[in-house]
Each structure stands twice: as C-alpha cells, then as structure tokens.
Amino acid sequence: MPALKPTEFGARVTWLGLVPTEGDDIRSSPAEALSLGWEGIAGERHAGVTRPSCSRVTSQHPRGTEIRNVRQLSVVAAEDLAAIAARIGLGALPPEWLGATLVVEGLPDLTHVPPSSRLQGPDGVTLVVDMENRPCHLPSREIEREAPGVGGRFKRAAEGRRGVTAWVERPGTLSLGDRLALHVPDQRLWAHHEAIAPK
C-alpha cells in the first residue's frame with residue numbers, strides 16, 4: 001500500500017541556480033537546467049551524499065560531524081520571495097542572494113509542506129523535502145551588500161517564508177518551466193505535536 005499520496009498541488013520551476021564551490025558567500029548563479037545525481041548537483045557547494053553537520057542539528061551532533069546530506073538543495077517559492085521583498089522594502093529579492101537552487105511558483109505554503117513530501121519532475125526526477133529552511137544571517141549579508149541598511153530586516157521578514165531544504169531521491173534533470181507534482185506522506189499529525197518546545 002503506497003505511503004505517499006499524489007496531490008492536486010504542484011509548482012512550476014521559475015528559476016534555477018547553483019552555488020559555486022569557490023568563495024565564502026552563499027550567492028548562487030542562474031542556470032537554464034540542472035542535472036541532479038545522488039549527490040545533488042555535481043560540483044556545487046552543497047553537493048555530496050554526506051556533509052559536515054551545521055547549526056541546524058547541534059542538538060543531535062557536534063558541529064562538523066559527518067552526517068547524511070539532506071540539504072543538497074534549497075527550494076524557495078516565488079510568492080514568498082515577493083512577500084519578503086515587500087516586507088523589507090525592496091522591489092524584488094533576487095533568489096541568488098539567498099543561495100537558492102530552485103524557485104517554484106504555484107505551491108501554497110511551500111515552507112510548511114510535510115517533511116518527506118516529494119516534488120517530482122517530468123522525467124521522474126524526485127526531490128525529498130527534508131524540513132523548513134530557517135532564516136539565517138547569510139542572506140542578510142548578501143542583501144546588505146546590494147542594499148545597504150536593508151539586510152538586517154531579512155531574518156524577521158523571512159520567518160515562515162524561507163522555503164525548504166531537499167535531497168535527491170531519484171536523479172534526473174530540472175529545467176526552467178518544468179512542472180513539479182507534490183506527493184505527501186499519508187499520515188496524521190503526531191499526537192504530541194503540541195508538546196514540542198517552541199523555537
């Protein structure tokens with residue numbers, strides 16, 4: 001019996017990018033298409049089957065511990081980029097300033113789709129949603145470089161709108177204009193969800 005259910009929801013790919021391995025900023029470079037393998041995007045900063053642990057998982061692992069890489073891709077909604085831009089006083093917020101891999105349009109509340117949901121492309125390429133990508137100071141630094149005095153507004157404006165991190169379950173290619181179908185786990189919300197400590 002299938003554990004993942006297709007939904008009527010989907011998204012259209014409106015922007016693709018990759019973060020070069022060299023340099024110390026998070027800025028991504030635009031691309032027309034991305035070839036995704038088991039490691040993510042070969043030669044990209046976040047590529048790899050494993051990665052060193054970061055601040056997101058310090059409650060589980062000391063920083064720098066080798067762990068499974070479930071942060072191969074950063075997926076953001078075009079609608080959320082527009083909302084964040086409006087909140088911080090910019091006409092637009094380029095996805096490359098956030099180090100985005102993939103911008104999609106038409107999928108409501110992308111940041112809160114259930115973990116383990118799948119986004120599946122036309123050729124079968126499948127991304128597994130790991131979890132919400134929490135706002136951090138790195139995009140703030142990029143925004144500040146381009147719009148002095150604005151970067152510090154990012155973290156608060158991006159709460160609940162930063163998108164998700166994802167990893168490749170099935171390799172394939174993503175291209176601009178591709179339609180991604182959303183599949184979600186067929187399970188109810190955990191009965192003790194209310195007991196989770198607030199962030």
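## The largest pocket

A strand here is a DSSP run of E with at least two residues, and strands are numbered from the N terminus. With that in hand, look at the pocket. The largest share of its lining comes from strand 4, residues 50-52, which gives three residues. This is a predicted model.

The largest pocket holds about 550 Å³ of space. It is lined by 22 residues. Closest to its centre are His46, Cys54, Arg56, Arg71 and Leu138.

The largest nonpolar core has 26 residues. Leu36, Leu102, Leu127 and Leu174 have the most contacts inside it. Several strands each supply at least two residues of this core: strand 1 (4-18), strand 3 (33-36), strand 6 (73-77), strand 7 (102-105), strand 9 (126-132), strand 10 (164-170) and strand 12 (179-185).

Now take Leu127. Leaving aside residues up to four places away in sequence, Leu127 touches Leu36, Leu73, Leu102, Ser117, Arg118, Leu119, Ala166, Trp167, Val168 and Leu174.

## Helix 1

Helix 1 spans residues 78-88. Which of its residues are buried? They are Asp80, Leu81, Ala83, Ile84, Ala85 and Ile88. In an α-helix, residues three or four places apart point the same way, because each turn takes 3.6 residues.

The buried residues of helix 1 pack against strand 6, strand 7, helix 2 (137-146) and helix 3 (154-157). Just after helix 1 comes Gly89, with a positive phi of about 85 degrees.

Note on methods. Residues are numbered from 1 along each chain as its sequence is written. This is a predicted model: local features need pLDDT of at least 70, side-chain atom pairs count only at pLDDT 80 or more; totals for chains, interfaces and linings use all residues. Side-chain values use heavy atoms; hydrogens and water are left out. On a 1 Å grid over the protein atoms alone, a cavity is a set of points where a 1.4 Å probe fits but cannot get out, and a pocket is an open set with protein on both sides within 12 Å along at least five of seven lines; lining residues have an atom within 4 Å of a point. Grid points are joined across faces, edges and corners, and a volume is the space filled by probe spheres set on the points. Helices (H or I, at least four residues) and strands (E, at least two) are DSSP runs, numbered from the N terminus. A nonpolar core is a set of buried Ala, Val, Leu, Ile, Met, Phe, Trp, Tyr and Cys residues joined through side-chain atoms within 4.5 Å. Buried means under 20% relative accessible area, exposed over 50%, partly exposed in between (1.4 Å probe, protein chains only). Contact means heavy atoms within 4.5 Å.
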